[in-house]
Each structure stands twice: as C-alpha cells, then as structure tokens.
Amino acid sequence: MIEINDLGFSYGQNPVLKNISMKLEEGKIYGLLGENGVGKTTLLTLLCGLKKPQKGCIDIDGYNPYDRKPSFLANQYYLSDEVAAVNMKAIDYARNYGKFWEKFDMGKFLEIMKVFENDPEQKMNRMSCGQLKKTWISFALACNTRYIFMDEPTNGLDIPSKAQFRKAVTKYTSEDSTLVISTHQVRDLENIIDPIIILDRQDVLLNATVEEISEKLYFDYSNEKIEGALYSEMTPGGCVQVLINTGSEESKVNIEALFNTVHLHKELVKGMFAK
Amino acid sequence: MDFNSNKSIYLQICDSICEKIMSGELGPDSRIPSVRDYGAEIGVNPNTVMRSYEKLTNDGIIYNKRGIGYFISPDAKDIVLQRSRKEFLEEEVPRIIKKMKLLGLVPSEIFS
C-alpha cells in the first residue's frame, strides 16, 4: 500500500504539490488525471524515489522511496513519458537490464512484444516513436514488479496499439500489482483505470472507484435537458449531463464529463466523496 | 466489445453474458473465462469484470467452483429469460410507446 501524507514539492519559487494526502491500495489500476502542470509527473517521480519530498512523506510498504533501498527499487518500475532510444536490439536490452528486477520474465517480454507486433531483434534507436514506446511498455510489464508507475504510456501509440495496451495491462499484471497511470488520453483508458484520481493545483480533488463515482453521480445521455445538472456537454448524439445520483441506478461514467464536473464544483465534489 | 449503451460497464458485461446464455452460445455448466482473461479480451479492468461475475453469481446465473473457475448455472437460461421479459416490458415497451406517439403510429400499423 502507498500512503502519501501531506506531501509538498516546489520547483524553486513555484509550488507544484501542496498538502497532498491519499492512500493507494494494492491490486488496482489507478488513473492519475489532472490539467497540464498540476504535478502528475512530479508525483510519479516522488513515488518512485527520483525526487525527495520537501514536505510530508510517502510510505510504500514501510519504505521511504527516496531511501532508494535496492529491495524497494527491485519491486517497482517507473516508465517515463520520454523513453530512451538505446543503441541496442530490444532483446539484448531486455537480457542485459532485466537482471536488475528479480522477477523479470524474458518469456513475458517476448510475449508482450508479440501482442504489440513489435520485433525484438530490431535496434531500439531504429524504431519509430510508437514502436519504441511499446518496447518500453513490454519491458516495464515484464519486470513483474509490485508497483508500476507509467507517465502517459499511450502517447504516440497508433490506434490498434491502444487496444493492445489495454489488453497487455490487464493480462500481464499480477493480481497484487498496483499500477499508477497518468494520462490525458482518458478515452484510450476509459474502461481500464479504476480508481480515478483527479489532481488539481496543489490538491487532490477526487480519489474514488468507478463504483463509488457511479453511486454518487449520475451520467445522463438522453436528449432531455435536466434542471439542476452539475455539468452538461453537447455531443453529436445528444448531450452528456452529470447530476447528483439520487436513485440507486448506476450509469456509465464518462471520464471527460467527470473531470469537467469535478473542476466546476470542486468543493461540492470533494465533500461528496470525503471518507 | 462496444460499450455504447449508457448503462454502467459492469452491467453491460452482465448483459453480454446473458445474451450468450439466451442464444445458447453458453450452455449449462460451460465454463466462462477467468476475470483477468475476460478483462484482457474486452479491454476492461479486471475489478470491473469481477463485479459483473459477483452480480451474476448472486443472481444465480453463474456459479463459482473454488480454484477452478466460473460456470453457467443449469437453470441460467430460465432466470435470464424471465428477467429479460420483465425488463423488456418495464423499460423498453414504455420507450416504444413514447416513440410511437411521437411518430403518430398506432399498434395496428406495426403488429399485424
């Protein structure tokens, strides 16, 4: 389990994270959402021990990530948004560097590469941006770590690869692994990420499962205008309206509409989901 | 799978399994994929699929053999058929009636 307590971080005079507190449970695929510059990447790099909290603390199964103990690092993987085009064949990279993660599985690496229709014999610096990204995703998942942090993993992936990514993430992570995926491409990951975390400038607006969200908020897709809707958005097929769920019916959560609703009604939503 | 309906995803997964039971594609005691395999197949979070399986189990449509997997109940088809008829009468029929009024159609023009 990850416990973040009153975490703060600034770049010089520019505060990015302030008073961030939340708990992340194991075996879940968290979606980390937020506008540009709210500190998603900063949070991920703090979680994996690349940065030192300036205030507050992070506890991951009793470890402080910034101590960078080998036994902690061997159990986590951070996949950055920008990945290196190494002058090596993908298979050689995996063979040489997989050793740093005790549960790295070469067979799994090759299997995921196959799912992505990627050639492991190709040199990584000769790959296209998307192919390179897919190689790194395959490597990250093949490390079989307890924690996987991914920053915008679907950036640069072509249309078929996005479905392959969803498949890889559900099939090749173990039941007790925790994934934290930051993304703007919510449509790519709509049915994959659950719980959903919405980060705002210096605050956590929401950290809730899809079940909790659909219990508390109702997403209406009919064409009838509803008085008192928290948010409404026109779409070619009608409109999406978000209301407070007064009944017991659960509707399909539209993450984009959710995001906009949360931003329009920060305090209200925070109060609704306060535990 | 195409998730176009406005129902929550876990209910849509239930519906899709029920449809396969009604069509006979999934017969009594046939095995359905594990939560993780099914999630991977349709690109959905395994926890969501788990919720669907829990609901179907509570409804008596599937059953769990510990350590082996999930199977279709012997009387699943009857349960699904009854439920679907009820849903059709309570939810779809009123919608059809509303649409017919809107279009100025009377039953005799449609049902002969």
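Trainee: Where is Glu152(A) found in chain A?
Mentor: Glu152(A) is in the loop between strand 6 and helix 6 of chain A. Keep in mind that this is a predicted model.

Trainee: What is the phi of Glu152(A) like?
Mentor: Positive, at about 50°. And Glu152(A) is not a glycine.

Trainee: How exposed is Glu152(A)?
Mentor: Glu152(A) is partly exposed, because 19 other C-beta atoms lie within 10 Å.

Trainee: And Thr154(A), where does that lie?
Mentor: Thr154(A) is in the loop between strand 6 (147-151) and helix 6 of chain A.

Trainee: Is Thr154(A) buried or exposed?
Mentor: Buried, because Thr154(A) has 21 C-beta neighbours inside 10 Å. The cut-off for buried is 20 or more.

Trainee: Which residues is Thr154(A) in contact with, leaving aside neighbours within four places in sequence?
Mentor: Lys162(A), Phe165(A), Thr183(A), Gln185(A), Asp188(A) and Leu189(A).

Trainee: How far is Thr154(A) from Ile29(A)?
Mentor: Their C-alpha atoms are separated by 15 Å. Along the chain, Thr154(A) and Ile29(A) are 125 residues apart.

Trainee: Back to phi. What about Glu117(A)?
Mentor: Glu117(A) has a positive phi of about 55°, and it is not a glycine. Glu117(A) sits in the loop between helix 4 and helix 5 of chain A.

Trainee: Buried or exposed, that Glu117(A)?
Mentor: Exposed, because Glu117(A) has 11 other C-beta atoms within 10 Å.

Trainee: How do helix 4 and helix 5 of chain A cross?
Mentor: Their axes come within 8 Å and cross at roughly 145°. The crossing of helix 4 and helix 5 of chain A is right-handed.

Trainee: Which residues make that contact?
Mentor: Helix 4 of chain A gives Lys108(A), Phe109(A), Ile112(A) and Met113(A). Helix 5 of chain A gives Thr135(A), Ser138(A), Phe139(A), Leu141(A) and Ala142(A). By class, the contact has six nonpolar, two polar and one charged residues.

Trainee: Which residues of helix 3 of chain A are buried?
Mentor: Ala90(A), Tyr93(A) and Ala94(A) are buried in helix 3 (residues 90-97) of chain A. They cover an arc of only 95° around the axis, so they are on the same side of helix 3 of chain A.

Trainee: What do the buried residues of helix 3 of chain A pack against?
Mentor: Helix 4 (106-115) and helix 5 (129-142) of chain A.

Trainee: Where is Glu82(A)?
Mentor: In the loop between strand 5 (76-79) and helix 3 of chain A. Glu82(A) counts as exposed, because it has 8 C-beta neighbours inside 10 Å.

Trainee: New topic. How do strand 1 and strand 2 of chain A pair?
Mentor: In the antiparallel sense, over seven bridges. Strand 1 covers residues 2-11 of chain A, and strand 2 covers residues 14-24. They form a hairpin with two residues between them. Gly12(A), in the turn, has a positive phi of about 60°.

Trainee: Which residue stands opposite Phe9(A)?
Mentor: Leu17(A), in strand 2 of chain A.

Trainee: Which peptide bond is cis, the one from Asp194(A) to what?
Mentor: To Pro195(A), with omega near 5°. Pro195(A) lies in the loop between helix 7 (186-189) and strand 8 (196-200) of chain A.

Trainee: On to chain B. What is the strand order in the open sheet?
Mentor: The order is 1-3-2, in a sheet of three strands with antiparallel pairing. Strand 1 (31-32) and strand 2 (62-65) of chain B stand at the edges, each with a single partner strand, so one side of each has no neighbour in the sheet.

Trainee: What packs on that sheet?
Mentor: Helix 3 (residues 46-58) of chain B, which touches strand 2 and strand 3 of chain B. The direction of helix 3 makes about 105° with that of strand 2 of chain B.

Trainee: Last one. How many residues are in contact between chain A and chain B?
Mentor: 17 residues of chain A are in contact with 16 residues of chain B. Helix 6 of chain A gives the most to the chain A side, with five residues. That side divides into five nonpolar, four polar and eight charged residues.

Conventions: Residues numbered from 1 in each chain as written. Chains lettered and ligands numbered in written order. Predicted model: local features only at pLDDT ≥ 70, side-chain atom pairs only at ≥ 80, totals over all residues. Contact = placed C-beta atoms within 7 Å. Helix = DSSP H or I, 4+ residues; strand = E, 2+ residues; numbered from the N terminus. Nonpolar A, V, L, I, M, F, W, Y, C, P; charged D, E, K, R; others polar. Pairing = 2+ DSSP bridges. Buried ≥ 20, exposed ≤ 12 C-beta atoms within 10 Å, placed from the backbone. Arc of directions from axis to C-beta. Axes fitted to C-alpha atoms, helices over the stretch in contact; angles between N-to-C directions. Left-handed = near helix turned anticlockwise from the far one by under 90°.
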